[in-house]
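Student: Please take a close look at the sheet in this model. I would like the strand order, the pairing and some context.

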Amino acid sequence: MRMRLPSAAARPAIALLAAALTVAGCWHGASDPASSRQPEGSRQVALGRHAGAAVAALRSGLSRKAVTGRSYYLSLGDSLSQGVQPAPTGVDVATSRGYPDQLVARLRGELPHLRLVKLGCSGETTATMIHGGVCPYPAGSQLDQAISFLRSHRGRTAIVTIDIGANDPNSCVLGGGASTILPCVFSRIPGMARNLSAIMAKLRSAAGPRVLIVGMTYYVPELGLWRAGRTGRQLAILTGAVAAGANQMLATRYHRYGARVANVFSSFRSSDFGAQAKKAGQGGAAGQALRAQSGSASPLPPNVAAICSLTWMCANAPRGPNEHANDDGYRVIARAFWRAITS
């Protein structure tokens, strides 16, 4: 998906939205898991504990026969679950290098006969996941197809992963008018929460109480707008506040239905502007110096640098700007899922 700056008329509404969410307590700082370091001597012991935790989590919902025989990993969601990346021509294509592909390779160390089944759909929203309309499924929708699979493979499904919700508010922000963007977003987020609750309730019922389900929070591709000048920096900061609130909602809903959470928002250091965000809003020499920086030549805040290195947002046309993760980004996402499994 190509990213562009919202219209000038929409920017005051975005600012008001972000301020409202921040005042409401939606700005939740997230620590960076990559920042913690273990002494070398304890690392091997920790790895052993992690492997043991992974085995226990994966086998929890399996029948005795499935533990030694064939078992399944069901991947659900939007384009990220299909490993989508832009081709050299700029066209989005599904790849075999997404986070489910990387994760299943690691999980096979614990379950050698684990088979990956991908049902994800590029462009899927929480509503279309329930009702269908984007990708064709024999059962009618991705959720119905997942329920059918889980029921027919009861006792043989080791893990279900899901990423959904990022596409829900996109149309509100991109090209929205000042008079419509606030009502649109404020109506979408509660609707997204209701839809996700319905999705998770049905998945949990079909899978059973012991099957491992892991949901994902999202990184913030709009942080790449920081490089587009002063307006871009302001929009990056404001979008970060909105995304923090939305991701908190996702995590709450996943936990409510006994799912674990892969904290991709934290893994991409999404809330870490460092000192740059404060300086960007200052007057005086510090603010003027930062505003004069050109993006490519300037030091970037940690979260913006992460977006530029782990996605196609800062790539040149025709492959960029594109919100999808690159190979390194999908590797970071897979590690976030692994941490959730072994926690």
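Tutor: Start with the whole chain. Of the 343 residues of the protein, 52% count as buried, meaning under 20% relative accessible area with a 1.4 Å probe, protein chains only. This is a predicted model, where local features need pLDDT of at least 70, side-chain atom pairs count only at pLDDT 80 or more, and totals for chains, interfaces and linings use all residues. Numbering runs from 1 along each chain as its sequence is written, and side-chain values use heavy atoms, with hydrogens and water left out.

The secondary structure comprises 14 helices and nine strands. These are DSSP runs numbered from the N terminus: helices are H or I of at least four residues, strands E of at least two.

Now the sheet. Five strands form an open sheet in the order S4-S1-S5-S6-S7, with parallel pairing. Two strands pair if DSSP finds at least two bridges between them. Strand S4 (114–118) and strand S7 (260–262) are the edges, and each pairs on one side only. From one strand to the next, the twist averages 20 degrees; axes are lines fitted to C-alpha atoms, and angles run from 0 to 180 degrees between N-to-C directions.

Look at one pair. Strand S1 (residues 71–77) runs parallel to S4, joined by five bridges. Leu 74 stands opposite Val 117 in S4.

Finally, confidence. Mean pLDDT, the predictor's confidence in each residue from 0 to 100, is 82 for the protein, and 75% of its residues reach 70 or more. Over residues 1–47 pLDDT stays under 50. Over residues 281–297 the pLDDT is also below 50. Where pLDDT is low, the predicted coordinates should not be read in detail.

Terms used
Buried < 20%, exposed > 50% of the residue type's maximum accessible area, 1.4 Å probe, protein only. Contact = heavy atoms within 4.5 Å.
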